[in-house]
Amino acid sequence: MKQTGKKIAVLTAYDYFVARLLDKAGVDALLVGDSAANVLHGFTSTLPITMDIMIAHTSAVARGNESARIIADMPFLSFQPSFEVAVTNAGRFLKEGSAEAVKVEGGIEIVP
């Protein structure tokens, strides 16, 4: 899409209902953001959200989706400790959450 100059629409979804609406609207990708910590769970930062909670949100989004790509946000300490921890947790998002991609923050310095 980028090579052909087509704009890519990526919006955030945390649950089945919103994922269904955005998918039907033709959104290209759905990001399950760690901002669910603030928006849905009332935390003052994203730090408290866990892998288990993020996987539950990602799985709900996947069930509400038919054609958009699903991207899961890797929460704090799900990738920073080591490459092995990052791969294991990314794999959980793919297997348990039905994500198709994961997002880490920090750029090339974080991911070898």
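Asp28 is partly exposed, with a relative accessible area of 21%; on this scale buried means under 20% relative accessible area, exposed over 50%, and partly exposed in between (1.4 Å probe, protein chains only). Asp28 forms a salt bridge with Lys6, and their closest N and O atoms are 3.9 Å apart. A salt bridge here is a side-chain nitrogen of Lys or Arg within 4 Å of a carboxyl oxygen of Asp or Glu. The pair links distant parts of the chain, 22 residues apart: Asp28 sits in the loop between α1 (16–24) and β2 (29–32), and Lys6 in the segment before β1 (10–12). Helices (H or I, at least four residues) and strands (E, at least two) are DSSP runs, numbered from the N terminus. Lys6 counts as partly exposed, at 47% relative accessibility.

The model is predicted: local features need pLDDT of at least 70, side-chain atom pairs count only at pLDDT 80 or more, and totals for chains, interfaces and linings use all residues. Residues are numbered from 1 along each chain as its sequence is written, and side-chain values use heavy atoms, with hydrogens and water left out.

By the salt-bridge rule the count comes to eight. Side chains of opposite charge can pair when their charged atoms come close. One of these bridges joins Glu66 and Arg20, at 3.0 Å from N to O. Glu66 lies in the loop between α3 (51–63) and β3 (69–73) and Arg20 in helix α1, so this bridge ties together parts that are 46 residues apart in sequence. Arg20 is partly exposed at 25% relative accessibility, while Glu66 is exposed at 55%.

Glu66 also forms a salt bridge with Lys24, with the closest N and O atoms 3.5 Å apart. Because Lys24 lies in helix α1 and Glu66 in the loop between α3 and β3, the pair ties together parts that are 42 residues apart in sequence. Both Lys24 and Glu66 are exposed.

Next come the strands. Two strands pair if DSSP finds at least two bridges between them. Strands β1 and β2 run parallel and are joined by three bridges, with Val10 standing opposite Ala29 in β2. Together, β1, α1 and β2 make a right-handed β-α-β unit; right-handed means that, with the strands pointing away from the viewer, the path from the first strand over the helix to the second runs clockwise.

Strand β2 also runs parallel to β3, and four bridges join the two. Val32 has Ala72 as its bridge partner in β3. Both faces of β2 are covered: Ala29 and Leu31 on one side, and Leu30 and Val32 on the other, are all buried.
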